[in-house]
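Hello,

Here is the structure I promised to pass on. Please have a look, and then read my notes below.

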Amino acid sequence: MKIAVVGTGYVGLVTGTCFAETGNQVVCVDIDERKIKKLQSGEIPIYEPGLDVLFDRNVAEGRLQFTTNLAEGIQEAEVIFLALPTPPGEDGSADLKYILKVADDLGNLLDHYAVVIDKSTVPVGTAEKVTAAIAKNAKVDFDVVSNPEFLREGVAVEDFMKPDRVVVGTTSDRAKKTMEKLYAPLVRQGNPVIFMDERSAEMTKYAANSFLAMKITFMNEIANLCEKVGANVDDIRRGIGTDSRIGKRFLFAGIGYGGSCFPKDVQALAKTSADYDYDFRILKSVMEVNEDQKKKLLPMVQDYFQNDLKGKTLAIWGLAFKPYTDDIREAPALENINALLDAGVNIVVYDPEAMENVKGVLGDRITYCHTPYAALDDADALMIFTEWPQFRTPEFDKMSKLLKNKVIFDGRNLYELEQMREMGYTYYSIGREGVVQVEA
């Protein structure tokens with residue numbers, strides 16, 4: 001099939017590359033000339049494990065191309081994906097201006113039947129708006145389909161090539177046949193392609209992400225209560241995660257969720273609820289708890305240093321909102337760093353992928369290191385915000401020689417309490433008792 005993907009952000013680039021890998025001819029379109037030149041020269045603007053291999057192969061074999069010209073990109077395309085940003089507005093609603101602008105352009109450009117697919121996360125009713133925008137000037141038949149993505153950053157290629165399910169919102173039999181043909185190579189093992197109406201598909205994406213955000217937030221609430229009653233949240237996680245009705249995933253307590261999806265999607269679903277005069281009380285609580293949870297470590301740091309933080313140096317491991325990505329959108333690390341800078345703290349950081357993105361936000365207000373151990377040199381304590389695998393089994397003896405104090409504030413519960421006791425570290429984590437070394 002000939003496929004056009006409008007938008008070369010995270011979703012668009014993964015979508016285009018993976019469909020090229022299944023033998024399709026794909027043209028990715030973006031108005032950002034600088035980005036397109038980079039892609040044409042073989043430079044991928046995002047970090048996603050495994051994407052580079054597929055990208056290089058399909059560019060080399062001529063199945064994956066890039067252009068800034070929309071008319072050129074959609075020429076003879078049977079399917080046109082809209083993978084455009086939907087940033088939250090001040091009221092929490094998803095901003096559809098980029099999608100509707102392209103839809104408006106498509107009406108003038110389409111000269112053949114095509115299936116136009118909303119791949120971006122969009123609020124209920126967007127397919128109808130896109131249809132209306134195209135129809136204003138369209139001289140040919142077309143269908144608009146809702147096909148939300150369920151990609152996890154860090155494993156997006158695997159998620160795309162081996163999806164748990166594919167959700168397709170359409171009431172058109174013609175579009176349904178095209179979508180079945182498009183996804184057939186990806187669901188050969190029997191994972192379902194679930195067809196429904198457009199509004200239900202749009203709601204499915206928001207419902208899925210909001211439920212997962214709620215699950216994370218519930219465990220963080222349990223963790224906060226554990227600290228009060230003297231229980232261990234890790235034991236509780238294991239105790240409830242083996243219940244098949246609950247499941248093991250998204251039960252890890254920590255300093256809250258971030259990224260490009262959960263915060264925006266929860267906020268957008270709450271706004272949709274308000275627009276339809278429904279008080280979605282759980283979502284309000286999820287957002288409130290998560291905002292507080294992001295700064296969960298700060299009172300621990302203040303208490304340990306007896307509210308005397310000015311001039312202290314804190315090492316930070318992890319800046320991305322999760323491992324295996326360079327994405328810092330809504331990352332808890334940034335909120336904590338800004339609060340610590342305001343308190344007069346010197347910040348020294350390490351992250352294997354996200355430091356360039358943080359430099360773009362914070363510049364030289366903090367110090368960046370090329371190794372995790374370099375960040376520890378003469379620091380008063382270590383804070384951990386992202387659970388990169390390399391942080392799980394560090395050289396603790398080496399760390400103790402570099403740190404001024406053997407103190408760790410761990411927002412991701414990477415280490416066992418007994419291990420910290422035996423190695424003489426003072427250790428604070430989430431939902432577990434603190435390990436405090438008593439001086440002889």
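A polar contact here is a pair of N or O atoms within 3.5 Å; within protein, one atom must be able to donate a hydrogen and the other to accept it, and residues adjacent in sequence count only if both atoms are side-chain atoms. This is a predicted model, with local features needing pLDDT of at least 70 and side-chain atom pairs counting only at pLDDT 80 or more, while totals for chains, interfaces and linings use all residues. Residues are numbered from 1 along each chain as its sequence is written, and side-chain values use heavy atoms, with hydrogens and water left out.

Let me begin with Asn 147. A polar contact of 2.5 Å links its side chain to that of Tyr 183, and a polar atom of the Asn 147 side chain also lies 2.9 Å from the backbone oxygen of Val 167. Asn 147 sits in the loop between β6 (142-146) and α7 (156-161); helices (H or I, at least four residues) and strands (E, at least two) are DSSP runs, numbered from the N terminus. Asn 147 counts as buried because its relative accessibility is 0%. For reference, buried means under 20% relative accessible area, exposed over 50%, and partly exposed in between (1.4 Å probe, protein chains only). Among the residues that Asn 147 touches are Phe 81, Ile 117, Lys 119 and Met 179, where contact means heavy atoms within 4.5 Å.

Next, the cores. A nonpolar core is a set of buried Ala, Val, Leu, Ile, Met, Phe, Trp, Tyr and Cys residues joined through side-chain atoms within 4.5 Å. The largest one has 65 residues, and those with the most contacts inside it are Trp 317, Ile 347, Ile 408, Phe 409 and Tyr 415. Helix α14 (residues 332-342) gives the largest share of this core, five residues. A second, separate core has 38 residues, including Leu 54, Val 115, Val 145 and Ala 156. Leaving aside residues up to four places away in sequence, Phe 409 touches Leu 297, Met 300 and Tyr 428, among others.

Now two helices whose lengths I checked. The expected span is 1.5 Å times one less than the number of residues. Asp 197 caps the N-terminal end of α9, with a side-chain oxygen 3.1 Å from the backbone nitrogen of Arg 199. Just after α9, Gly 230 takes a positive phi of about 85 degrees.

The 14 residues of α11 (residues 262-275) should span 20 Å, and the end C-alpha atoms are 20 Å apart, so this helix agrees as well. Helix α11 is mostly covered, with 11 of its 14 residues buried. What covers these buried residues includes α9 and α12 (281-294). Just after α11, Asp 277 has a positive phi of about 60 degrees.

What about positive phi in loops? Most residues other than glycine have a negative phi. Glu 76, in the loop between α4 (70-73) and β4 (79-82), has a positive phi near 65 degrees. Glu 76 counts as exposed because its relative accessibility is 52%. Glu 330 has a positive phi of about 60 degrees and lies in the loop between β9 (313-317) and α14. At 41% relative accessibility, Glu 330 counts as partly exposed.

Happy reading!
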